[in-house]
Amino acid sequence: MASAPPIPTDSWYLSLLGIAESFRTASPPKIKHCIHCLQSIFHFKPPPRIEARTHVQLGSLLFTHTKNVDLARTHLEKAWAVSQSIPSFDDVKFEAASQLARIHEKQSQLHLAKQILRKAIGISQQSAYWHCLLLFQLAQIHTHEKDFISACELLGVGADYAVVASSEYTRALFLLSKGMLMLIDKKYAEVHPVLSTCGSIIDNYTGSDTNKESLKVYFLVLQVCHYLMAGQVKSVKTALKNLQQSIQTITMLHSDDEPISSNPADLFHWLPKEHMCVLVYLVTVMHSMQAGYMDKAQKYTDKALLQIEKLKILDSHSILSAFQLMLLEHIIMCRLVMGQKSLAVQEISQACQVCSQNPRLLTTHGAQLHTLLGLYSMSMNCMESAEAQFTAALASTTQTELWQFASLNLAIVYLRSGNRQQELLTLLERINPEVLPTNSHSLRAASYYVQGLQAFFQARYNEAKRYLRETLKMSNEEDLNRLTACSLVLLGHIFLSLGSTRESMNMVLPAMQLAGKIPDVHVQLWASALLRDLYHLEGDPVRERDGYQMHTSFSQQLLKDHFQSSQQSEHNLIQWTEGPCPIHLLQGDGASSSIL
């Protein structure tokens with residue numbers, strides 16, 4: 001060996017790199033060996049280019065595959081420092097900046113993450129791919145901080161840059177992302193021209209079919225979400241149908257057969273096809289739940305959750321956990337409507353476990369979890385817990401629609417409690433449908449229903465009828481089936497109280513029929529009790545007996561589920577009103593008697 005000729009620098013480096021890569025791609029991967037192999041490169045005192053690249057590789061491996069974030073940061077800081085003085089070394093330089101920003105973000109050092117990204121953006125304008133990626137990354141950090149104005153400004157800069165870089169595809173991605181943030185920020189008037197521009201870009205796009213359909217799916221998802229946020233369940237149907245057709249088209253395309261763009265600015269993807277499929281399932285579930293199609297919501301939730309579990313085996317991306325959480329939130333509400341409380345509280349527990357694995361999700365979805373626990377507590381007649389949960393939700397949310405939804409349900413809790421008149425009146429002033437600060441058609445309709453319910457409890461029947469007819473008018477406009485069923489059965493109860501049996505029957509029968517389609521067991525229970533009384537008043541013993549049997553059947557079904565729910569350890573979650581997700585509450589053998 002002593003007499004062997006010296007090995008050229010690039011040969012030993014390529015050999016070590018090849019060995020490291022073989023360890024990384026082994027099955028299972030041998031990450032520790034891979035890291036040791038790369039570290040050995042520094043013993044040869046490599047030239048700056050190899051030194052910087054190796055630091056990037058080590059930093060990325062340590063960050064992705066280990067918990068040694070500090071060492072990963074050290075390697076990336078060295079790569080960033082060394083690469084500054086090396087000309088034409090953009091991939092290593094900006095990869096180091098991007099990964100370093102991710103580490104700072106993970107360690108909640110957002111000012112450092114933004115600082116390095118701004119510097120990298122300032123020197124990357126000659127590198128189209130990295131300039132766009134860094135703009136997206138910085139905009140995302142501002143989004144996490146809820147600084148939507150700064151994020152939208154950066155996305156606007158990106159869209160303008162994409163024009164200069166001759167990339168209509170990436171221009172559309174920047175604009176669609178800007179439109180998404182405007183929707184989140186409730187800037188509805190400003191979002192229309194942005195989405196209109198996007199529609200024109202997509203229509204005129206002449207690139208690959210996969211890119212075009214991907215943009216179309218993004219565009220249609222925003223359209224559907226815009227309608228659903230406004231509670232326009234009927235109006236959304238055309239956009240939702242187009243979205244479902246578009247996702248079918250994109251799943252049949254083979255992007256491997258399409259030529260890769262030679263423009264570096266085009267090399268972006270919004271979401272993988274598999275993630276897009278889950279997202280389309282999710283918005284379909286959202287629509288089905290709002291429209292009152294519980295069986296359909298359940299079917300698509302099952303499909304989406306199964307897809308998520310398969311995808312998590314390959315890559316546990318954080319967006320999959322967010323999708324999983326949102327699906328659980330919607331199916332839990334469906335379960336409660338269908339009288340399946342025992343399943344609902346188990347799924348609330350699953351949602352808590354998802355949040356416990358990702359603290360950021362608890363920050364963004366904690367108020368939703370408290371709202372769900374409030375709804376569950378109401379269904380279990382635990383009114384003190386329901387009040388505590390809705391109060392916790394109101395204290396922890398800045399979302400207008402969620403605040404209004406929790407307030408409407410808290411008002412019902414006060415009504416059912418019977419002795420909370422002052423709190424109820426204060427709350428009703430804030431959710432008065434005439435002045436309610438919302439763009440949501442469904443929330444305004446629900447507000448009229450709550451006003452009608454209060455008037456009913458106070459025996460102000462004419463006023464109650466006026467509110468409920470407004471609810472019916474609004475719910476019929478947008479096919480809000482559950483709200484329609486609730487309004488009809490309450491009107492039936494009012495007419496029965498007034499002695500108008502024929503008018504009562506005209507309300508209760510369609511309420512029963514609609515509740516059966518949903519199915520809404522609570523409305524069915526209520527309607528069957530009214531039918532029993534109505535048939536008794538009409539002197540029809542056969543139908544009276546049928547009504548009695550129906551009422552008994554629904555009552556026994558709900559009581560059995562009520563008992564089963566109360567015995568589950570998950571029921572203890574109704575005690576949680578603050579702090580991290582209380583997984584410890586799930587360890588008991590059953591619910592404490594003080595809760596029931």
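Are Tyr448 and Tyr467 buried or exposed? I started my notebook with that one, and I found that both Tyr448 and Tyr467 are buried. A reminder to myself: this is a predicted model.

**Entry 1: the tyrosine pair**

I looked up how the two rings sit. The centres of Tyr448 and Tyr467 are 6.4 Å apart and their planes meet at 40 degrees, so I noted the pair as tilted. Tyr448 belongs to helix α21 (residues 441-457) and Tyr467 to helix α22 (residues 461-477).

**Entry 2: other aromatic rings**

Next I checked how many aromatic pairs the structure holds, and the count is 11. One of them is Tyr129 with Trp130, an edge-to-face pair with 5.2 Å from centre to centre and 80 degrees between the planes. I then looked up accessibility: Tyr129 is partly exposed at 25%, whereas Trp130 is buried at 7%. Both turn up again in one aromatic cluster, together with Phe94, Phe136, Phe174 and Phe268.

**Entry 3: two packed helices**

How do α3 and α5 pack? I found an angle of about 30 degrees between helix α3 (residues 48-65) and helix α5 (residues 90-106), with the axes 10 Å apart. That makes α3 roughly parallel to α5, and their crossing is left-handed. On the α3 side, I listed Ala52, Arg53, Val56, Ser60 and Phe63 in the contact. From α5, the contact residues include Val92, Glu95, Ala96 and Ile103. Sorted by class, this contact has 6 nonpolar, 2 polar and 4 charged residues.

Conventions
Residues numbered from 1 in each chain as written. Predicted model: local features only at pLDDT ≥ 70, side-chain atom pairs only at ≥ 80, totals over all residues. Heavy atoms only, no water. Axes fitted to C-alpha atoms, helices over the stretch in contact; angles between N-to-C directions. Helix = DSSP H or I, 4+ residues; strand = E, 2+ residues; numbered from the N terminus. Parallel < 35°, antiparallel > 145°, perpendicular 65-115°, else oblique. Left-handed = near helix turned anticlockwise from the far one by under 90°. Contact = heavy atoms within 4.5 Å. Nonpolar A, V, L, I, M, F, W, Y, C, P; charged D, E, K, R; others polar. Phe/Tyr/Trp six-rings, centres within 6.5 Å; stacked < 30°, edge-to-face > 60°. Buried < 20%, exposed > 50% of the residue type's maximum accessible area, 1.4 Å probe, protein only.
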